[in-house]
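Hi everyone, and thanks for making time today. I'd like to walk you through a structure that may be new to you, a few places at a time.

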Amino acid sequence: MPALLVAFVVWQVWSITATNLKDVGFGFSQSQLFWLTAVSGITGGTAHILYTFIGPMIGQRRFTAVSTVVLIVPLLWLGFAVQNPDTPYGTMIAIAALCGIGGANFSSSLANIGFFYPKREKGNATGVNGGLGNLGVSVVQLLTPILITSSVLAIGAGQKKANGSEIYLQNAAFVWVPVLIVLAAVAWFGQNDLKVAAAPFSQQKIIFRRKHNWLMTWLYVGTFGSFIGFAAGLPLLIKNNFEAQGYHATTYAWIGPFIGAFMRWAGGWLSDKMGGARVTMLSFVGMAASLVVVIFALPHSGDQGSFWAFFIGFLAAFAFSGLGNGSTFRQIPVIFRDQHMREAAGRGPEAQGAALKQSEMEAGAVTGFSSAIAAYGFFFIPAMFAAMAVPHALWLFIGFYATCLVVCWWFYARKGAEAPS
């Protein structure tokens with residue numbers, strides 16, 4: 001969990017770094033800053049897919065260690081690049097893309113965690129693991145504004161702001177390098193490779209023929225895709241719409257991801273008690289209602305809008321997305337376990353044991369794959385904010401939540417559903 005948390009820090013470091021670049025002399029436009037934030041989502045989502053299947057192939061212990069230590073490379077590059085305002089935009093894009101690899105650790109971690117716990121505890125286990133991992137988003141957005149003011153921690157020269165004050169943007173990157181080294185060593189010497197979790201790709205690829213893989217991926221895009229995309233985009237939304245009124249992204253942006261991460265655990269725990277599908281439906285209704293509040297609170301037609309209505313609406317959206325993150329990941333192992341065990345019913349203990357092992361393998365692969373696709377929300381949400389008016393993008397999200405609600409009700413929540421979960 002600590003390794004996953006710091007991987008999220010690396011993935012999200014641009015969400016707060018981008019808000020400071022113009023202040024220290026970088027001549028990037030607002031659209032370019034949104035794209036810097038978004039590009040990590042492309043590499044994060046793509047690497048997610050690879051990481052889902054590589055871990056079981058080579059062993060999660062060694063893969064956790066290696067995938068943790070490689071994150072040092074983009075952090076070192078970022079730390080040197082932000083010290084020079086003449087650093088080309090293309091270089092910054094390349095660094096942001098490499099930072100996105102940190103997000104891929106999420107799929108390998110969650111694909112592995114389910115093997116350690118029985119059915120009755122899977123929701124809580126994945127909720128805690130994912131929730132504390134997601135907390136890395138809040139940690140980087142909370143600590144970065146503090147770290148960049150410290151000359152004691154700085155390696156290299158500071159950067160002057162227009163008001164004459166000095167900050168050290170490199171601290172946002174360099175401070176995590178020794179932490180990653182320690183965590184990689186702890187994983188290498190302290191974790192275990194579970195034989196039951198080992199599976200070649202030839203066995204894992206069966207999930208692409210499973211209907212519920214695609215349906216649950218659709219739902220998880222709606223929950224985690226929203227969480228990670230809102231976390232990436234919110235700092236710039238605050239800066240662009242409300243900073244002139246005295247509200248600063250560095251003060252407020254971290255609170256939403258913090259609430260979302262905590263609610264992920266709550267979603268997993270609650271789903272173990274009342275069923276994942278019901279909690280997932282609640283999350284989509286809540287997110288849609290929350291974004292309606294956000295839309296009407298934004299500045300428009302000369303009106304300054306209402307920051308507090310905007311912010312509370314976003315906090316609620318984070319809370320409901322976190323709830324859904326926990327509930328969907330509880331649904332996946334239950335769906336696959338129940339289906340395989342029904343097929344093995346009456347065929348004896350050996351067949352039931354094989355069915356249970358197969359269900360665990362498929363559930364782990366689906367968990368990783370769905371998180372990989374949902375990670376593209378990191379790219380698409382800031383990209384949509386860059387490409388169109390923010391209210392238009394938010395209405396599109398609400399429409400998408402409506403489709404998720406229908407899918408969840410029909411296949412998993414209604415009486416007589418195909419796979420109640």
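Before we start, a word on what I mean by a helix: helices here are DSSP runs of H or I with at least four residues, numbered from the N terminus. Please also keep in mind that this is a predicted model.

With that in hand, let's begin at serine 15, which is found in helix 1. Is serine 15 buried or exposed? Its relative accessible area is 0%, so serine 15 is buried. If we set aside residues up to four places away in sequence, serine 15 touches Thr37, Gln141, Ala231, Ala232 and Pro235.

Now let's zoom out to the nonpolar core. The largest one has 108 residues, and Trp14, Phe310 and Phe397 are those with the most contacts inside it. Which helix gives the most to this core? That is helix 11, residues 211-242, with 15 residues. Not counting residues up to four places away in sequence, phenylalanine 397 touches Phe230, Leu291, Ile381, Met384 and Phe385.

Next, some helix packing. Helix 4 covers residues 72-81, and its buried residues are Ile72, Pro74, Leu75, Leu78, Gly79 and Ala81. What do these buried residues pack against? The partners are helix 1 (2-21), helix 3 (60-69), helix 5 (89-99), helix 8 (171-174) and helix 9 (177-190).

Let's take helix 9 from that list. The axes of helix 4 and helix 9 come within 10 Å and cross at roughly 170°. Helix 4 is therefore roughly antiparallel to helix 9, since angles over 145 degrees count that way. On the helix 4 side, the contact is made by Ile72, Leu75 and Leu76, and on the helix 9 side by Val177, Leu180 and Ile181. By class, the contact of helix 4 with helix 9 has six nonpolar, no polar and no charged residues.

Helix 9 also meets helix 3. Here the axes come within 8 Å, again crossing at roughly 170°, and therefore helix 3 and helix 9 are roughly antiparallel to each other. From helix 3 we have Arg61, Arg62, Thr64, Ala65, Thr68 and Val69, and they meet Leu180, Leu183, Ala184, Ala187 and Trp188 of helix 9. Sorted by class, the contact of helix 3 with helix 9 has seven nonpolar, two polar and two charged residues.

Glutamine 331 lies in helix 15, residues 307-344. At 0% relative accessibility, glutamine 331 counts as buried. Its side chain makes a polar contact of 2.7 Å with the side chain of threonine 280, and another of 2.9 Å with the side chain of serine 421. How far apart are glutamine 331 and serine 421 in sequence and in space? They are 90 residues apart in sequence, and their C-alpha atoms are 5.4 Å apart in space. Leaving aside neighbours within four places in sequence, the contacts of glutamine 331 are Met216, Gly276, Ala277, Thr280, Tyr412 and Ser421.

Serine 421 counts as buried, at 10% relative accessibility. Beyond its neighbours within four places in sequence, its contacts include Gly275, Arg330, Val334 and Tyr412.

Alanine 419 also sits in the segment after helix 18, a helix that spans 390-413. At 3% relative accessibility, alanine 419 counts as buried. Its C-alpha atom is separated by 9.5 Å from that of glutamine 331, 88 residues away along the chain. Not counting residues up to four places away in sequence, alanine 419 touches His212, Ile335, Phe411 and Tyr412.

One last stop: isoleucine 49 in helix 2, residues 30-58. Isoleucine 49 counts as partly exposed, at 24% relative accessibility. Isoleucine 49 and alanine 365 are 316 residues apart in sequence, yet 9.7 Å apart in space, C-alpha to C-alpha. Leaving aside neighbours within four places in sequence, isoleucine 49 is in contact with Ala372, Ile373 and Tyr376.

Methods. Residues are numbered from 1 along each chain as its sequence is written. This is a predicted model: local features need pLDDT of at least 70, side-chain atom pairs count only at pLDDT 80 or more; totals for chains, interfaces and linings use all residues. Side-chain values use heavy atoms; hydrogens and water are left out. A nonpolar core is a set of buried Ala, Val, Leu, Ile, Met, Phe, Trp, Tyr and Cys residues joined through side-chain atoms within 4.5 Å. Buried means under 20% relative accessible area, exposed over 50%, partly exposed in between (1.4 Å probe, protein chains only). Helices (H or I, at least four residues) and strands (E, at least two) are DSSP runs, numbered from the N terminus. Contact means heavy atoms within 4.5 Å. Axes are lines fitted to C-alpha atoms, for helices over the stretch in contact, and angles run from 0 to 180 degrees between N-to-C directions. Angles under 35 degrees count as roughly parallel, over 145 as roughly antiparallel, 65 to 115 as roughly perpendicular and the rest as oblique. Ala, Val, Leu, Ile, Met, Phe, Trp, Tyr, Cys and Pro count as nonpolar, Asp, Glu, Lys and Arg as charged, and the others, Gly among them, as polar. A polar contact is a pair of N or O atoms within 3.5 Å; within protein, one must be able to donate a hydrogen and the other to accept it, and residues adjacent in sequence count only if both atoms are side-chain atoms.
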